[in-house]
Amino acid sequence: MRMAACLFLASAALGALFGRAAAEELAASGLPLFARNLPPRPEEPSIWSGLYVGSEVFAISGKGVKGGFGGAGFIGYDRAFANDVVVGVRADAGYSPGLARWGAARGFDFVSANVSVGYEMERLRPFATAGVALAKPDVIGRGFTTTSDAVNDLFDQASSVKAYGTVGAGLDYAVTDKLTVSVAVSAGAGRGPAAP
């Protein structure tokens, strides 16, 4: 009885200050107005948005292939939109082993830039990419050492550098918010014996 009287007095006081609607809302909900009219909480940022850096490893196998391992370093930026589409840009530099030997070359030093479009499905993200790559046969055959070595080797004799268009597709999985693993395939087309 006492609670009902207090609620009635509060409703009457609010009615006098803010009008009848405010008093009726308070009486119906039992919560003060400031507690019920909070702005919606902002959504947490997507794990697929932001700047990232990392490294990757390549492996190929085939008849007569020796030293079929390579690698690259990369940097990129992705932006996730409200409709779960993720658009990104990325640059890579490294060494890719070749499936077939072309003269003395066992693989290629390369740099590439591409754009990607993917779809966020919580921790899983399928994607497609398109871009360009510059590649040069590696006649030393030492494989991947560092990203800067690959870039230096690529441009020390620019006359043998070839340009390629690339397309690819893959799947990213976020193990944690800071660690992602990916599986991807790509193909290149251009003038020259092979593409990275």
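Figure 1. Of the contacts (heavy atoms within 4.5 Å) with a separation of 6 or more, 55% are between residues 24 or more positions apart. The model is predicted, so local features need pLDDT of at least 70 and side-chain atom pairs count only at pLDDT 80 or more, whereas totals for chains, interfaces and linings use all residues. Residues are numbered from 1 along each chain as its sequence is written, and side-chain values use heavy atoms, with hydrogens and water left out. The chain contains 4 helices and 7 strands, where helices (H or I, at least four residues) and strands (E, at least two) are DSSP runs numbered from the N terminus. Their order along the sequence is α-α-α-β-β-β-β-β-α-β-β.

**Figure 2. Burial and accessible surface of the chain.** Among the 196 residues, 29% are buried; buried means under 20% relative accessible area, exposed over 50%, and partly exposed in between (1.4 Å probe, protein chains only). The accessible surface of the chain is about 12,800 Å², and carbon and sulfur atoms contribute 63% of this area. Areas were computed by the Shrake-Rupley method with a 1.4 Å probe; for residues, only the protein chains shown count as cover.

Figure 3. The whole structure holds 5 salt bridges, each defined as a side-chain nitrogen of Lys or Arg within 4 Å of a carboxyl oxygen of Asp or Glu. In one of these, the closest N and O atoms of Arg125 and Asp78 are 3.0 Å apart. This pair links distant parts of the chain, with Arg125 in strand E5 (residues 124-138) and Asp78 in strand E2 (residues 69-80), 47 residues apart. Arg125 and Asp78 are both buried. Arg125 also forms a salt bridge with Asp172, at an N to O distance of 2.4 Å. Because Arg125 lies in strand E5 and Asp172 in strand E6, this pair ties together parts that are 47 residues apart in sequence. Asp172, like Arg125, is buried.

**Figure 4. The salt bridge between Arg123 and Asp177.** The side chains of Arg123 and Asp177 form a salt bridge with an N to O distance of 3.3 Å. Arg123 is in the loop between strand E4 (105-119) and E5, and Asp177 is in the loop between strand E6 (162-174) and strand E7 (180-190), so that the pair links distant parts of the chain, 54 residues apart. Arg123 counts as partly exposed, at 32% relative accessibility, while Asp177, at 53%, counts as exposed.

**Figure 5. The salt-bridge network of Glu56, Arg90 and Asp92.** Salt bridges link Glu56, Arg90 and Asp92 in a network.
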